[in-house]
Amino acid sequence: MSDREGATLAVAIWRGGAQGGLQRYDVPRSASQTVLDVVTYVQRQLDPTLAYRYACRVGMCGSCAMTVNGVARWTCRTHVDKVAAGGRLELRPLANLPVIRDLVCDMREFFDKWASARGRFEPQRTRRDPVECVAPDSPARRAVDAAIECIGCAVCYASCDIVAARPDYFGPAALNRAWTLVNDVRDGARTPRLAAVAGDAGCHACHTQAGCTERCPKGLAPTASIAGLKRAAARALLRGEL
Ligand code: SF4
Ligand code: SF4
Ligand code: FES
């Protein structure tokens, strides 16, 4: 018999909108149980009105992030054993985003900021041109690889003190995306993108304390991406391009 059999987790989950509160549920422990498994158990077995969000359950879609015992995490890849000290879990929606209901945040401002940072590939070629290839082992491709695996989970955004203090700040994910595109030799909007991120709400607002990098579940380093943007924007300014 495993030491988890018969054990129970004391789970407190945020219910309602911004003015809601915590509600307590008892959830049976199981082997290899993830935090998302716990939320799913509550919704399917105890309270079908609980709202939460997930899709892939394998760390690819970025939709399952929540605040787990005070820390933003992806929940499908977070094992209860790792985070439930004393058999207790407290689950809240991500910080720095408006709450729609229960564990679901409104992600619009997060993705609107990607758009403001020109986080969309802007090709130089048309569909009639041959596909432009970047060799996998080239320095150009390695520069892009450093930050490309973002899944848009907003864990970094929820962990950033500057976003909390300055709601207009683009935040680490949008800037990390902009850096990926600044390094993409196929992209045709390098200078306008640098102009977009060099504004008041962009890279220069970052205080480089690396909360985003510490928390990113994909092991990315938005702090380094933002530092790269600062250097690139300064060089473009000196060249008279901005
Ligand atoms: S390093 Fe910059 S973007 Fe990252 S958490 Fe700190 S202030 Fe926010
Ligand atoms: S940079 Fe990391 S933490 Fe931020 S949205 Fe992308 S994957 Fe999530
Ligand atoms: S459910 Fe897709 S990343 Fe967690």
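Is Asp 102 buried or exposed in this predicted model? At 1% relative accessibility, Asp 102 counts as buried, where buried means under 20% relative accessible area, exposed over 50% and partly exposed in between, with a 1.4 Å probe and protein chains only.

Residues are numbered from 1 along each chain as its sequence is written, and chains are lettered from A and ligands numbered from 1 in the order in which they are written. Because the model is predicted, local features need pLDDT of at least 70 and side-chain atom pairs count only at pLDDT 80 or more, while totals for chains, interfaces and linings use all residues; side-chain values use heavy atoms, with hydrogens and water left out.

## Overall layout

The protein has 10 helices and seven strands. These elements are DSSP runs numbered from the N terminus: helices are H or I with at least four residues, and strands are E with at least two. Along its principal axes, the C-alpha trace spans about 65 × 35 × 30 Å. Of the 242 residues, 44% count as buried. Contact means heavy atoms within 4.5 Å. Among contacts between residues at least 6 apart in sequence, 63% join residues at least 24 apart.

## Salt bridges

Side chains of opposite charge can pair when their charged atoms come close. A salt bridge here is a side-chain nitrogen of Lys or Arg within 4 Å of a carboxyl oxygen of Asp or Glu. A search of the whole structure finds 16 salt bridges. The table gives some of them.

| Pair | N to O distance |
|---|---|
| Arg 57 and Asp 37 | 2.9 Å |
| Asp 102 and Arg 101 | 3.3 Å |
| Asp 187 and Arg 193 | 2.8 Å |

Arg 57 and Asp 37 are joined by a salt bridge. Arg 57 lies in the loop between helix H1 (35-46) and strand E3 (66-68), and Asp 37 in helix H1, so the pair ties together parts that are 20 residues apart in sequence. Arg 57 is partly exposed at 46% relative accessibility, and Asp 37 is partly exposed at 24%.

For the salt bridge between Asp 187 and Arg 193, Asp 187 counts as buried at 7% relative accessibility, and Arg 193 is buried with a relative accessible area of 0%. Elsewhere, salt bridges that share partners join Arg 15, Asp 47, Arg 101 and Asp 102 into one network.

## Helix H3

Which residues of helix H3 (residues 108-116) are buried? They are Phe 110, Lys 113 and Trp 114. Seen down the axis of H3, these buried residues fall within an arc of 105°, so they line one face of the helix; the arc is that of the directions from the helix axis to the C-beta atoms. An α-helix has 3.6 residues a turn, so residues three or four places apart point the same way. Arg 108 and Ala 115 are exposed on the other side of H3. The buried residues of H3 pack against helix H5 (155-158) and helix H7 (172-182). Arg 118 follows H3 and has a positive phi, near 55°.

## Helix H10 and ligand 1

The 17 residues of helix H10 (222-238) should span 24 Å at 1.5 Å a residue, and the end C-alpha atoms are 24 Å apart, which agrees. The expected span is 1.5 Å times one less than the number of residues. Buried residues of H10 include Pro 222, Ile 226, Leu 229 and Ala 233. The buried residues of H10 pack against H7, helix H8 (190-197) and H9. Just after H10, Gly 240 takes a positive phi of about 75°.

Helix H9 (211-215) and H10 each supply at least two residues of the shell around ligand 1. Of the 13 residues around ligand 1, Cys 160, Tyr 169, Cys 206, Ala 210 and Cys 212 come nearest; a residue is near a molecule or strand if one of its heavy atoms lies within 4 Å of it. By class, the shell has eight nonpolar, five polar and no charged residues. Ala, Val, Leu, Ile, Met, Phe, Trp, Tyr, Cys and Pro count as nonpolar, Asp, Glu, Lys and Arg as charged, and the others, Gly among them, as polar.

## Positive phi in loops

Ser 32, a residue other than glycine, has a positive phi near 55°. Ser 32 sits in the loop between strand E2 (21-28) and H1, and counts as exposed at 53% relative accessibility. Asn 69 is not a glycine either, and its phi is positive at about 45°. Asn 69 is found in the loop between E3 and strand E4 (71-73) and counts as partly exposed at 33% relative accessibility.
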